Amino acid sequence: IPDKEYDYIIVGGGTSGLTVANRLSEDHNVNVIVIEAGASVLNNSNVTDVGGYGLAFGTAIDWQYESVKQIYGGNSSQVLRAGRALSGTSAINGMAYTRAEDVQIDAWQAIGNDGWTWESLFPYYLKAENLTIPTVSQVELGATYNRAYHSETGPLDVAFTKTVNSTLLSLLNGTFQSLGVPWSEDVNGGKMRGLNICPSTINYQEYVREDAARAYYWPYASRGNLHVLLNTFVNHIELNRTASNDNVTASGVQVTYQNGTVGVINAKREVILSAGSLKSPGILELSGIGSRQVLEKYNIAVQVDLPSVGENLQDQVNTGMSGATTHKVTGHTALVYANAQDIFGNETETISTLVRDSLKDYASETAKANGGIMSADDLEDLFQVQYDLIFKDQIPIAEILYFPGGGNSLAAQYWGLLPFSRGSVHIASSDPLLKPIINPNYLMLDWDNKLQIGIAKLIRRSYETYPLRNLVKAESSPGLITVPQNASDAQWREWIVRHYRSNFHPVGTAAMMPREKGGVVSEHLVVYGTSNVRIVDASILPFQVDGHLVSTLYAVAERAADFIKQS
Ligand code: FAD
């Protein structure tokens, strides 16, 4: 290490961390260090290969976190993947680039985060993005887009794949038109409903994955004030308090270097946690910021009693179906974003009333599950906002990916976008190297099951609707023997709990909300009770967003960097 003192320490060189590091180091008068547990993956073909989704799973660059047994989710433990590398999870993800529904970001302001709206975030989506404009033939084959929603000047390369192909798309389009779901010209303008093929985080020229390091670090690596320390694990933040009623101040972080030695790196201005939603809360807890109950269990002195650290964990449930086809399926992956009406049709009104009348119970069940750390009243307020998004604003609540399943098979991978179940992530020990205890409470609440079942039925309908019906001979998974045509919800549920997995979108574990409502960070992303610790990563999102996460995380990190510069 060239120096042991920096203006800004960024913990975690992932999606969000590298974005912040890049923007802060634009100012030559400050120096920035990024401390990353993993290594560089610049030349790792499991990362760079545009068609290589999944190759990195289970390798050294995958943290492979595991949940506790999911008592509502088939009593199985689930693997939650996350990238351990410079670039973080952007190095192993599916590269889909889709943002959020506009009113979802507006909801952040509605729950008390002043200044967070679609309108205020939109310029930051653009600041991050560099879209490779698709060719005329790509557009004709389905790569439609609206130029007003995109930028061609940001650091992050976004492009449609070279393999855009309309074979499957035109069948899906015909079928979904019949089912009342329109073609979406562009999902990235704040209105997401419809069928489309979305762009990806791809460097089109070199035709490799565009991860956070390719976008925000490597082209800037020669900056003298931007330092990256790889293979180094941050144990905790060093905190001081000058007077007993003051906020605590971070003076640096304790790290374990690759050779096992432990040291301290000092921060003159701020420590920014960007270790991801399954790790940032744990670093707070190991530093003495969190629930007294958790900290005392491991003999960690309480510096800031902030009970909701690690609570509010929201992930989605992912299930796959498939259809046996008349011939080999080729073509491009297509996405459907569907709303409640698309999924539940005539039953929407009844389900809407049922869910509305259940919000109080959902809130008290959730409060009971988290030991009352989040109060039932506060949860009910949050659930009401989410309910309104689902049933009043009618935003998409399902994402379905259709793609060739290999040979004579059409796959459909899907997830409910807005489940209500919330869980937690907490440290399992005072040893920072031990993995956390993760409990997403998958499928705990009735709505989450209804949603996952409703989407499965929509997929079944799609297989049975022309012109897709010409291709799909029969549904092969689950198939009508396992889940008959007139199956009850209980039969569907039984199949789902045996086959689901994490959707790998954990958010909310250090939620941006008012402190008295159970928030962990302020609207400027400062951890309550501290003067100079911020969190910038997926843990601050108070709710799920409809799109895949990175586009929104890059935008949030871009905005966070402005907050930091301004302060
Ligand atoms: P990360 O990018 O995970 O960064 C955290 C970094 O902190 C990591 O580099 C980690 O190694 C480091 N770190 C952790 N602990 C420590 C420590 N103690 N000391 C030092 N460093 C530490 N999103 C999309 O937009 N599109 C997709 O197609 C998509 N597909 C996905 C597929 C998979 C398999 C997965 C797992 C996720 C997918 N996502 C997708 C989600 C998205 O990639 C993540 O939500 C996002 O990258 C998370 O960014 P982050 O900044 O919160 O954390």
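Which residue stands opposite Thr 256 in β13? In this predicted model, where local features need pLDDT of at least 70, side-chain atom pairs count only at pLDDT 80 or more, and totals for chains, interfaces and linings use all residues, that place goes to Val 262. Numbering runs from 1 along each chain as its sequence is written.

Start with β13 and its partners. Strands here are DSSP runs of E with at least two residues, helices are runs of H or I with at least four, and both are numbered from the N terminus; two strands pair if DSSP finds at least two bridges between them. Strand β12 (residues 249-256) runs antiparallel to β13, with five bridges joining them. Five residues sit between the strands of this hairpin, and Gly 260 takes a positive phi near 95 degrees there. With β1 (residues 5-11), β13 (residues 262-273) runs parallel, over six bridges, and Tyr 8 stands opposite Glu 270. Strand β24 (residues 533-535) also pairs with β13 in the parallel sense, this time through three bridges, with Arg 534 opposite Ile 272.

Now for the ligand. It is surrounded by 40 residues, the closest being Gly 12, Gly 14, Gly 88, Gly 94 and His 548; a residue counts as near if its C-beta atom, placed from the backbone, lies within 6 Å. Elements giving two or more residues to this shell are α1 (15-24), β11 (233-240) and α17 (549-566), and α17 has the largest share, at four residues. By class, the shell holds 17 nonpolar, 18 polar and five charged residues (Ala, Val, Leu, Ile, Met, Phe, Trp, Tyr, Cys and Pro are nonpolar; Asp, Glu, Lys and Arg are charged; the others, Gly among them, are polar).
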